[in-house]
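User: I would like to learn how to read features from a structure. Could we take them one at a time?

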Amino acid sequence: MEWIGKRIKLRRPRVEDRDVIYEKWASVPEVTTYMAWPTHRSHKDCDAFLVMSDAMWDEYGCGPMIIEDRESGEIIGSAGLMFDGSDEVGVGYILSKEHWGQGYATEALELAIVGARDQAIEELVCGIHPAHIASRRVAQKCGFTLSADQPSSRLVFPQIDSENEGYTVRYILVLEEVREDKTPVQ
């Protein structure tokens, strides 16, 4: 399964992606600052990610994906859907630093939304650290709204504070209530 956009495509991670994942973002502290998973310290951490990803794909038919530049084939990040066994489906994205600020995260999130619709998912949740303003803007551009019912949840952000839980802002996108132009139906 691939989801193809204007400049990028999303595809299932492969074992041969391990070194690129590690070197371009997973082991880079500045890139992983606001992630709810620890910065990778070895390639074994990437192996664990790939095992987790495969398990999601096997169980749900979807999961984390690699972001590839369509023209060059360069791997520039990861995005996709996250399943934790609950009714809630999460969505997230991470890009190598050299690809920040160029609209790739927005395009990747838009593709993940299309993929979620293809999977008949009715609602997506995006939990973001409150200080991660760029990520909050990406979610808002893609039609996510700050949840009034559950304005925050708690996650561990190991790069920020490994011993305490931090609050996240919780953005929700109800897929059946979103128009093609990504504006919510009133």
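User: Is tyrosine 60 buried, partly exposed or exposed, and why?

Analyst: This is a predicted model. Burial is read from relative accessibility: under 20% is buried, over 50% is exposed, and partly exposed lies in between. Tyrosine 60 has 29% relative accessibility, so it counts as partly exposed. Phenylalanine 83 has 13%, so it counts as buried.

User: How many aromatic pairs does the structure hold, and how do I read one?

Analyst: A pair of aromatic rings is described by two values, the distance of the centres and the angle of the planes. The structure holds one aromatic pair. Its members are tyrosine 60 and phenylalanine 83, with 4.2 Å from centre to centre and 10° between the planes. Planes under 30 degrees apart count as stacked, and this pair is stacked.

User: Which elements does the pair link?

Analyst: Tyrosine 60 lies in helix H3 and phenylalanine 83 in strand S4. They are 23 residues apart, so the pair links distant parts of the chain.

User: Tryptophan 57 is in which helix, and is it buried or exposed?

Analyst: Tryptophan 57 is also found in helix H3. Its relative accessibility is 7%, so tryptophan 57 counts as buried.

User: What does tryptophan 57 contact, leaving aside neighbours within four places in sequence?

Analyst: The contacts are Met1, Arg12, Pro13, Cys62, Gly63, Pro64 and Met65. Take proline 13: it is 44 residues from tryptophan 57 along the chain, yet their C-alpha atoms are separated by 9.9 Å.

User: In helix H1, which residues are buried?

Analyst: Helix H1 covers residues 18-26, and Ile21, Tyr22, Trp25 and Ala26 are buried there. Next, look down the axis of H1: the buried residues fall within an arc of 120°, so they line one face of the helix.

User: What do the buried residues of H1 pack against?

Analyst: They pack against two helices, H2 (29-32) and H3 (43-60). They also pack against strands S3 (64-69), S4 (75-83) and S5 (89-95).

User: Which residues touch the most other members of the largest nonpolar core?

Analyst: A core is read through its members and their links. The largest nonpolar core has 36 residues, and Leu10, Leu81, Tyr93, Leu124 and Phe144 touch the most other members. Helix H4 (residues 104-118) gives the most to this core, with eight residues. There is also a second, separate core of twelve residues, including Cys46, Phe49, Ile66 and Ile94.

User: What does phenylalanine 144 touch?

Analyst: Leave out residues up to four places away in sequence. Phenylalanine 144 then touches Val91, Leu109, Ile113, Leu124, Cys126, Ala139, Tyr171, Ile172 and Leu173.

User: Where is lysine 9, and what does its side chain contact?

Analyst: Lysine 9 is in strand S2, residues 8-11. Its side chain makes a polar contact with the side chain of glutamate 2, at 3.1 Å. Setting aside neighbours within four places, lysine 9 is in contact with Glu2, Trp3, Ile4, Ile66, Ile67, Glu68 and Arg70.

User: How many helices and strands make up the protein chain?

Analyst: The chain has five helices and nine strands. Along the sequence, the pattern is β-β-α-α-α-β-β-β-α-β-α-β-β-β.

Definitions and conventions:
Residues are numbered from 1 along each chain as its sequence is written. This is a predicted model: local features need pLDDT of at least 70, side-chain atom pairs count only at pLDDT 80 or more; totals for chains, interfaces and linings use all residues. Side-chain values use heavy atoms; hydrogens and water are left out. Helices (H or I, at least four residues) and strands (E, at least two) are DSSP runs, numbered from the N terminus. A polar contact is a pair of N or O atoms within 3.5 Å; within protein, one must be able to donate a hydrogen and the other to accept it, and residues adjacent in sequence count only if both atoms are side-chain atoms. Contact means heavy atoms within 4.5 Å. A nonpolar core is a set of buried Ala, Val, Leu, Ile, Met, Phe, Trp, Tyr and Cys residues joined through side-chain atoms within 4.5 Å. Buried means under 20% relative accessible area, exposed over 50%, partly exposed in between (1.4 Å probe, protein chains only). The arc is that of the directions from the helix axis to the C-beta atoms. Rings of Phe, Tyr and Trp (its six-membered ring) pair if their centres lie within 6.5 Å; planes under 30 degrees apart count as stacked, over 60 as edge-to-face and the rest as tilted.
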